[in-house]
Amino acid sequence: MNHLEVAAAKYQLGRQTGEALRDLGVALLSDGHDQAVRLAIVDDLTMAEVGPIFERVCLEMGQAIPPSDEAIDIVIAAQLSDIAEGQVAPEVGLKQLMEDVVLPRVLPESQAGAYQFAGESRGLQRLVGAHWSYDELRARPTELSIDGKFGDEAIKLLDEQVVGFARDWLRRSGSSRV
């Protein structure tokens with residue numbers, strides 16, 4: 001999964017900023033992709049200005065802006081890969097996943113369908129539960145435990161579980177990044 005593909009997916013979902021796209025343009029230009037020069041030097045960072053430039057860069061580099069349903073899966077896979085590979089702390093990655101796709105996109109799918117758990121429509125229910133568990137463990141560190149561990153020790157165990165959940169999801173989804 002490349003950075004341009006993930007950026008195009010986030011763009012489709014409305015989860016990009018002009019600044020992030022300009023930074024991507026700089027990175028692409030540094031990697032020798034001259035098509036990104038306009039994106040790398042754009043001054044007006046409003047999406048009305050940056051969006052069309054980004055779309056042109058995608059077109060010139062052969063990267064389609066994916067349909068929403070596919071974009072959701074791309075963003076989920078990218079963020080869970082980051083967690084599974086240790087590129088981002090589990091709690092931080094999970095928070096980003098919740099903000100980018102679960103709360104605005106996946107939760108409504110789950111509520112509209114025949115699903116019992118939040119996130120179940122995309123197989124994310126254990127990760128959604130883990131996200132809320134961080135808050136609960138911090139709010140009640142002497143009352144709640146994981147495998148008999150309380151406080152910071154419980155948070156560390158939850159981190160390990162989240163990494164395992166991310167790896168499991170990637171394996172089940174057939175992602176090449178496990």
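Visitor: Which residues are buried in H4?

Guide: This is a predicted model, in which local features need pLDDT of at least 70, side-chain atom pairs count only at pLDDT 80 or more, and totals for chains, interfaces and linings use all residues. Residues are numbered from 1 along each chain as its sequence is written, and side-chain values use heavy atoms, with hydrogens and water left out. Buried means under 20% relative accessible area, exposed over 50%, and partly exposed in between (1.4 Å probe, protein chains only). In H4, the buried residues are Val-50, Gly-51, Ile-53, Phe-54, Val-57 and Cys-58.

Visitor: Against which helices do the buried residues of H4 pack?

Guide: Helices (H or I, at least four residues) are DSSP runs, numbered from the N terminus. The buried residues of H4 pack against helix H1 (3-12), helix H2 (18-30) and helix H3 (37-41), where contact means heavy atoms within 4.5 Å.

Visitor: What span is expected for H4?

Guide: The expected span of a helix is 1.5 Å times one less than its number of residues. Helix H4 (residues 47-60) has 14 residues; its first and last C-alpha lie 19 Å apart, close to the expected 20 Å. Gly-62, which follows H4, has a positive phi, near 75°.

Visitor: Which residues line the largest cavity?

Guide: On a 1 Å grid over the protein atoms alone, a cavity is a set of points where a 1.4 Å probe fits but cannot get out; lining residues have an atom within 4 Å of a point. Here the lining consists of Gly-123, Arg-126, Leu-127, Phe-165, Trp-169 and Arg-172. Helix H7 (125-139) and helix H8 (151-173) each give two or more residues to this lining, and H8 provides the largest share, 3 residues.

Technical notes:
On a 1 Å grid over the protein atoms alone, a cavity is a set of points where a 1.4 Å probe fits but cannot get out, and a pocket is an open set with protein on both sides within 12 Å along at least five of seven lines; lining residues have an atom within 4 Å of a point.
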